[in-house]
Amino acid sequence: MGNERDSEEKYCRLSDAKISLESVSLEEKDEKRGFSLGFWIYLSNSARPCSVLLHQINPKVEGDVPFVALNEESKLIIFPLLGLHEEAPCPGSLFPSRGVTHLSASNPCPSEKWVHIGCQVTQRYMCLHINAIMVDGTSLPLSNARNRRYSLRLTTLVGNKGNVEGYFYNSQVWSSSVSIKSQYTKDQPVRLFLDNSSLPDGVEAGPDGVWNIVGGKPSCRRNFSLEVLLLNGIGQPVCRDMEIMASLVYADNGAPVENSRDDGEDPLLLSCDGMEYPSTNRPVPLVRGRAAFKLKVAKLSSKCDNRLFRVFFYPFSTQRYPFLETYSQPIRCISRSKQNQRTTGSGRKILPTQPPCENPSLQKTSNGHNNGGTCGLKTEASREIQNQTQTLNQNPNQQHSPNQHENGGQNGAAEKFDQPEKRPKIECKMPMEQKDANENSPVVLNGTSSNAEEAESNPLSGSDSDGANKATMLREALEATRFGASSTLDDALVFRYCLEGMLERSVILREALSTASNDDMADFAKRVGLYTGCSHHRNQLLMAKKLIEEGDETWTSISFNKTRVLWSCVIPEIVKKFMFISHSSNRGLSEQDIEVLRGIAGCSEELGREDFERLWYWMYPVALTLARERINKLWECLVPRWIEGFITKEEAENALRSPKGPEKPGTFLLRFPTSRSWPHPDAGNLVISYVGSDLMIHHKLLALDYSDERGEELQHLLLEEPELTQLGRVIRPEVS
């Protein structure tokens with residue numbers, strides 16, 4: 001706790017910032033010796049171009065001069081020091097002024113994000129570092145003043161009083177013998193972060209990007225899960241003894257949403273250990289830099305003049321700062337009946353922020369159409385099955401009229417199927433079963449979206465025959481369940497699995513595997529694929545038996561029947577299991593990889609059974625992917641390093657974006673998404689993070705089965721993609 005308080009004391013408003021140069025010592029004869037200074041700044045959205053952030057003041061000089069400012073393009077610039085350099089700005093001069101010597105960053109300074117500014121100074125030279133990377137430097141003539149060394153010691157850098165909203169952290173002045181990079185990594189500020197790019201379980205996104213969540217009455221509410229991270233300046237999770245609160249606020253003004261007038265119920269509820277609590281009464285502790293929230297909304301937007309909400313996260317018992325607060329996407333809370341109307345209405349459903357699977361391989365066939373089933377939300381597919389069961393049983397061969405397509409729950413099919421021969425026959429298959437792919441047009445990247453967040457939120461847009469496709473799959477599902485009654489996994493369990501989130505699904509599978517055979521699981525996987533309209537649950541369901549059995553054996557071998565075990569004792573067995581499952585002979589896990597696994601487990605010095613299962617559910621599918629011959633070759637190859645170790649999305653983006661600007665368009669990295677664990681359909685899949693032609697960073701899911709079908713090396717197929725031209729590299733700090 002003492003370290004926490006020390007860190008809090010280092011935060012201050014930008015207007016209260018103060019750096020004294022009293023300790024600076026420069027030798028007259030040694031012009032190469034100098035000093036360095038560094039600090040972190042956080043600018044609000046209100047920061048405007050042509051604003052001075054830090055002034056220089058000196059009692060021997062009337063007025064002040066700028067030291068750090070934003071230029072007309074909002075780029076950070078610094079000026080020579082008063083009392084040391086001849087080209088320092090004149091006291092009292094207006095800013096901005098042209099012709100004044102300065103150093104400039106290459107890119108605009110981001111708002112609402114911590115940026116480290118380092119300045120290396122000698123008597124004849126000055127250079128600017130942004131986030132420990134040198135971006136500009138220049139030679140400077142000495143001041144003519146004889147007492148320049150003593151005058152410099154009187155100079156103080158102070159914040160601009162109230163003109164720019166921002167915060168300041170950990171200013172230091174040190175000898176030039178110590179590198180700026182070493183100081184940059186030592187003591188970093190933190191911020192709360194909620195990744196809104198991927199769609200959480202229990203959430204449907206509309207075309208306007210608003211999250212639609214079913215809430216209202218207790219019988220209608222649906223859980224949705226959000227994870228808040230505490231990140232340091234370079235985007236890594238930070239271990240900190242802190243509790244996070246969640247509350248529901250209006251999206252337009254941030255005011256708290258009122259309790260229900262009928263029963264006074266809190267508008268946002270938190271589920272914990274099977275119980276529900278008002279979210280404002282139950283803080284969630286950070287575990288390894290992460291706080292997981294399972295929430296329900298009790299207040300409908302229709303009861304609040306159709307206003308939108310947000311979930312607001314903030315620390316429970318820590319001083320409030322803007323960088324320690326974060327918000328979800330705007331939320332529209334709707335009733336279950338309203339969701340049904342939205343689902344069954346005409347027009348195609350568009351999910352701009354849906355996670356990449358439910359169908360991670362929509363590949364183009366030789367006739368130009370997408371080959372694969374439409375992957376809608378699990379709840380909608382299940383409800384459509386229930387809504388149409390009676391109709392299909394009464395007349396399974398009945399022709400649907402256009403009106404029935406519009407009003408009968410079909411997903412906006414535009415084509416009219418008045419004649420039987422015009423009804424398309426679509427099968428929902430795994431990518432490896434698709435034999436009609438165009439050999440001349442390899443499609444390794446999934447999806448066609450050009451948004452900046454495709455990979456972990458790639459939309460899956462259906463074709464014009466979605467309605468007929470779904471009707472075909474529904475009929476096949478009914479036939480499969482009608483004649484498969486011998487399975488121990490009945491229809492009710494399949495529906496329950498399709499409706500639940502990932503945690504509940506893992507519990508369902510554990511219970512089912514106690515009595516189910518391999519044939520039962522294969523049948524269960526087929527029916528889940530038919531009911532959801534997505535066949536890519538299959539891999540996760542078929543691996544379930546071995547995953548759970550080997551996980552139980554591994555836990556028994558490392559725990560010796562204890563409830564908790566030291567993390568340091570777990571590492572050797574985890575590395576051994578990983579290399580065995582992945583068939584890896586030359587490359588194991590680095591210290592950074594192990595730290596990522598530790599973050600996924602959410603443990604500190606000790607590992608419990610629940611922590612182990614989080615780690616195992618992520619690592620096992622990844623290891624199975626690496627066991628595939630073509631992927632294993634890439635993993636074992638270290639020069640060049642085709643697959644980076646276990647890295648987060650933030651680390652990948654930081655590697656592809658530097659203070660000098662984004663890497664060259666086409667630069668890419670291969671990584672495993674750390675947010676996808678078994679039984680999520682994307683667990684174990686590879687994601688390509690790359691710089692697009694628009695200089696934005698994109699993320700797309702890799703269609704691994706396509707490379708198997710082509711029979712070519714995966715690296716060759718990657719470089720055939722027009723979006724990918726060169727392999728990037730992640731420079732990771734050593735684990736202390």
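This is a predicted model: local features need pLDDT of at least 70, side-chain atom pairs count only at pLDDT 80 or more; totals for chains, interfaces and linings use all residues.
1. Leu-695 is not a glycine, yet its phi is positive, at about 65°. The residue sits in the loop between strand 32 and strand 33 (697–701).

2. Cys-50 belongs to the loop between strand 3 (34–43) and strand 4 (51–57). Its relative accessibility is 30%, so Cys-50 is classed as partly exposed.

3. Next, the cis peptide bonds. One joins Val-639 and Pro-640, with omega about -5°. Pro-640 is in the loop between helix 16 (629–636) and helix 17 (649–656). Another cis bond runs from Trp-678 to Pro-679, where omega is near 10°. Pro-679 is placed in the loop between strand 31 (667–671) and strand 32 (687–691).

4. Thr-155: buried or exposed? Its relative accessibility is 0%; under 20% counts as buried, so Thr-155 is buried. The residue occupies the loop between helix 2 (148–153) and strand 11 (156–159). Its side chain makes a polar contact of 3.0 Å with the side chain of Asn-58. Neighbours within four places in sequence aside, Thr-155 also touches Ile-19, Ser-20 and Leu-21. Gln-56, Ile-57 and Leu-82 are on that contact list too, as is Asn-58.

5. Phe-316 is another loop residue to check. It lies between strand 22 (309–315) and strand 23 (326–327). At 46% relative accessibility, Phe-316 is partly exposed. Which residues does Phe-316 contact, leaving aside its neighbours within four places in sequence? They are Glu-243, Met-245 and Pro-283. Pro-283 is 33 residues away from Phe-316 in sequence, but the C-alpha to C-alpha distance is 6.6 Å.

6. Now the helix packing. Helix 8 (residues 491–499) packs on helix 10 (residues 518–532) at an angle of about 55°. Their axes are 10 Å apart. The crossing of helix 8 and helix 10 is right-handed. Helix 8 contributes Asp-491, Leu-493, Val-494, Phe-495, Tyr-497 and Cys-498 to the contact. Helix 10 answers with Phe-524, Arg-527, Val-528, Tyr-531 and Thr-532. By class, the residues of this contact are eight nonpolar, one polar and two charged.

7. What is the angle between helix 13 (residues 567–582) and helix 14 (residues 591–601)? They pack at about 110°, with axes 12 Å apart. That angle makes helix 13 roughly perpendicular to helix 14. The crossing of helix 13 and helix 14 is right-handed. On the helix 13 side, the contact is made by Trp-567, Ile-571, Ile-574 and Val-575. On the helix 14 side, Ile-594, Leu-597 and Arg-598 take part. Six residues of the contact are nonpolar, none is polar and one is charged.

Technical notes. Residues are numbered from 1 along each chain as its sequence is written. Side-chain values use heavy atoms; hydrogens and water are left out. Helices (H or I, at least four residues) and strands (E, at least two) are DSSP runs, numbered from the N terminus. Buried means under 20% relative accessible area, exposed over 50%, partly exposed in between (1.4 Å probe, protein chains only). A polar contact is a pair of N or O atoms within 3.5 Å; within protein, one must be able to donate a hydrogen and the other to accept it, and residues adjacent in sequence count only if both atoms are side-chain atoms. Contact means heavy atoms within 4.5 Å. Axes are lines fitted to C-alpha atoms, for helices over the stretch in contact, and angles run from 0 to 180 degrees between N-to-C directions. Angles under 35 degrees count as roughly parallel, over 145 as roughly antiparallel, 65 to 115 as roughly perpendicular and the rest as oblique. A crossing is left-handed if the near helix is turned anticlockwise from the far one by less than a right angle, and right-handed if clockwise. Ala, Val, Leu, Ile, Met, Phe, Trp, Tyr, Cys and Pro count as nonpolar, Asp, Glu, Lys and Arg as charged, and the others, Gly among them, as polar.
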